[in-house]
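Let's take a walk through this one together. Have the coordinates open, and we'll begin with a single residue before stepping back to the whole chain.

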Amino acid sequence: MNSRMEQLERRLVEQHHKDLFLQTKHTLAAIDVLADEHRRFQSMQAISGVKIVGTEEALFYETLTQVKETIVETLEKTLADLEHKGDKHYHNNFKDGVE
């Protein structure tokens, strides 16, 4: 995902939309903070004797990974729409526009 984000950053800077990249980067970082807070909480729970259900933990982290992937895919679609702005033969990903 890091290489995709680097490529997206270069393309967005060329389009003068670095703010979109930064917003996405901050959102992904916030999800990482959430995962870390959850991990710490679960560690405290385990130390205090609460049984941790491994399948639920795996599902939680898998869901966060899917959310992050969806956010990056949305940024890619937004960038594609920006790059093809004005192209009458291009079918936009977002009908309400990107500006």
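Start at Thr-24, which, leaving aside its neighbours within four places in sequence, is in contact with Met-5, Ile-71 and Leu-75; contact here means heavy atoms within 4.5 Å. Thr-24 sits in helix α2 and is buried, with a relative accessible area of 5%. For the cut-offs, buried means under 20% relative accessible area, exposed means over 50%, and partly exposed is in between (1.4 Å probe, protein chains only).

A quick word on provenance: this is a predicted model, where local features need pLDDT of at least 70, side-chain atom pairs count only at pLDDT 80 or more, and totals for chains, interfaces and linings use all residues. Residues are numbered from 1 along each chain as its sequence is written, and side-chain values use heavy atoms, with hydrogens and water left out.

Now zoom out. The protein chain has three helices and zero strands, in the order α-α-α along the sequence. Its radius of gyration is 18 Å, well over the 13 Å that the globule rule gives for 99 residues, so the chain is more spread out than a compact globule. That radius is taken over C-alpha atoms, and the rule is 2.2 Å times the number of residues to the power 0.38. Along the principal axes, the C-alpha atoms fill a box of roughly 60 × 20 × 20 Å. Buried residues account for 21% of the 99 residues. Helices here are DSSP runs (H or I, at least four residues; strands would be E, at least two), numbered from the N terminus.

How do α1 and α2 pack? Helix α1 (residues 2–14) and helix α2 (residues 18–47) pack at an angle of about 155 degrees, with their axes 8 Å apart. That makes α1 roughly antiparallel to α2: angles under 35 degrees count as roughly parallel, over 145 as roughly antiparallel, 65 to 115 as roughly perpendicular and the rest as oblique. The axes are lines fitted to C-alpha atoms, for helices over the stretch in contact, and angles run from 0 to 180 degrees between N-to-C directions. On the α1 side you'll find Met-5, Glu-9, Leu-12 and Val-13, meeting α2 residues that include Phe-21, Thr-24 and Leu-28.

Follow α2 along its length. The helix has 30 residues and reaches 43 Å from its first C-alpha to its last, close to the 44 Å expected at 1.5 Å a residue; the expected span is 1.5 Å times one less than the number of residues. Its buried residues are Phe-21, Thr-24, Leu-28, Ile-31, Ala-35, His-38 and Gln-42, and they pack against α1 and α3. His-38 counts as buried at 19% relative accessibility. Apart from neighbours within four places in sequence, His-38 is in contact with Glu-57, Phe-60 and Tyr-61. After α2 comes Gly-49, with a positive phi near 105 degrees.

That leaves helix α3 (residues 54–83), which has 30 residues and reaches 44 Å from first C-alpha to last, close to the 44 Å expected. Its buried residues include Glu-57, Leu-64, Val-72 and Leu-75, and the cover over the buried residues of α3 includes α1 and α2. Glu-83, also in α3, is partly exposed, with a relative accessible area of 34%. Leaving aside neighbours within four places in sequence, Glu-83 is in contact with Arg-11 and Gln-15. The C-alpha atoms of Glu-83 and Glu-14 are separated by 9.8 Å, though these residues are 69 apart along the chain.
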